Amino acid sequence: MKNCFEKFNCGGMCCYDGVYVTESDIERIKECIKRYPEYFKKEEYFETSQWKDYKGKLKTKTKNRDSVPNNYPEHFEKTKCIFQMSDGRCILEYIALKNNEYKWKYKPTSCYLFPLKCVKNRLIPPIENKEEDANIYDDYDGYESCLPCFKQNKNYKETLKEEIEFYKRFKENKEGKRKD
């Protein structure tokens with residue numbers, strides 16, 4: 001998990017509903033499962049979202065949380081990404097580190113970039129105020145603006161420097177450009 005995980009004692013609440021994935025993300029996750037089957041149960045890991053504007057998009061499945069942090073938003077389901085370990089860390093990142101691979105090798109892009117978003121290969125900065133939260137509905141009080149990391153977005157370029165650099169290298173490599 002990112003430094004924010006420890007700093008905010010959030011228990012990884014950003015992935016309470018799983019994470020939306022691309023085909024490329026799914027391929028990397030399946031590679032991890034194939035290479036390290038001892039860490040995984042034989043089960044389905046992806047599902048189609050049924051939630052509001054995200055209906056029909058692929059995401060990781062969820063499982064129930066044993067407990068929630070004190071600052072856990074009331075309107076969030078008491079669930080977590082299927083890849084979240086009992087201590088809140090991501091099993092995909094854990095496996096990569098344990099096997100001397102780059103920590104985000106298997107992790108979905110939207111996970112390691114969060115709270116940045118990638119739209120049409122462009123990085124979108126984190127929201128700056130609650131009104132910018134695209135997930136506020138009459139029956140749902142928002143997503144990004146309810147997370148502890150929302151309050152630290154003022155200096156996101158410095159805070160997320162490693163994530164931004166990794167994304168740029170990944171994108172360049174995907175487009176066939178040199179890594180250096």
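## Overall architecture

Helices (H or I, at least four residues) and strands (E, at least two) are DSSP runs, numbered from the N terminus. This is a predicted model, in which local features need pLDDT of at least 70 and side-chain atom pairs count only at pLDDT 80 or more, while totals for chains, interfaces and linings use all residues. Residues are numbered from 1 along each chain as its sequence is written, and side-chain values use heavy atoms, with hydrogens and water left out.

Of the 180 residues of the protein chain, 41% count as buried, where buried means under 20% relative accessible area, exposed over 50%, and partly exposed in between (1.4 Å probe, protein chains only). The accessible surface of the protein chain comes to about 11,200 Å², and carbon and sulfur atoms hold 48% of this surface; such areas come from the Shrake-Rupley method with a 1.4 Å probe, and for residues only the protein chains shown count as cover. Among contacts in the protein chain with a separation of 6 or more, 61% are between residues 24 or more positions apart, a contact being heavy atoms within 4.5 Å.

The 13 residues of α2 should span 18 Å at 1.5 Å a residue, and the end C-alpha atoms of α2 are 18 Å apart, which agrees. The expected span of a helix is taken as 1.5 Å times one less than its number of residues.

In α2, the residues Asp25, Ile26, Arg28, Ile29, Cys32 and Ile33 are buried. They cover an arc of only 165° around the axis, which puts them on the same side of α2; the arc is that of the directions from the helix axis to the C-beta atoms. On the other side of α2, Glu23, Glu27, Lys30 and Lys34 are exposed.

## Salt bridges

The structure holds twelve salt bridges, each defined as a side-chain nitrogen of Lys or Arg within 4 Å of a carboxyl oxygen of Asp or Glu. One of them joins Glu101 to Arg35, with the closest N and O atoms 2.7 Å apart. Glu101 lies in the loop between α3 (91-98) and α4 (109-113) and Arg35 in helix α2 (residues 23-35), so the pair ties together parts that are 66 residues apart in sequence. Glu101 counts as buried because its relative accessibility is 14%, whereas Arg35, at 42%, counts as partly exposed. Both residues also belong to a network of salt bridges that links Glu31, Arg35, Glu101 and Lys105.

A further salt bridge is formed by the side chains of Glu47 and Lys59 (3.1 Å, N to O). Because Glu47 lies in strand β1 (residues 46-48) and Lys59 in strand β2 (residues 58-60), this pair ties together parts that are twelve residues apart in sequence. Glu47 is partly exposed, with a relative accessible area of 27%, but Lys59 is buried, with a relative accessible area of 3%. Asp141 forms a salt bridge with Lys130 as well, the closest N and O atoms being 3.6 Å apart. That pair links distant parts of the chain, eleven residues apart, with Asp141 in strand β8 and Lys130 in the loop between β6 (122-124) and β7. Asp141 is partly exposed at 42% relative accessibility, and Lys130 is partly exposed with a relative accessible area of 32%.

## The loop residue Asp139

Asp139 is found in the loop between β7 (136-137) and β8 (140-141), and its relative accessibility of 56% makes it count as exposed. The side chain of Asp139 makes a polar contact with the side chain of Lys52 (2.9 Å). A polar contact is a pair of N or O atoms within 3.5 Å; within protein, one must be able to donate a hydrogen and the other to accept it, and residues adjacent in sequence count only if both atoms are side-chain atoms. Asp139 and His75 are 64 residues apart in sequence and 8.7 Å apart in space, C-alpha to C-alpha.

## Backbone exceptions

Most residues other than glycine have a negative phi, and most peptide bonds are trans. The peptide bond from Phe114 to Pro115 is cis, with omega near 15°, and Pro115 is placed in the loop between α4 and β5 (117-119).

Asn100, in the loop between α3 and α4, has a positive phi near 55° and counts as exposed at 75% relative accessibility. Lys120, in the loop between β5 and β6, has a positive phi near 50° and is exposed, with a relative accessible area of 80%.
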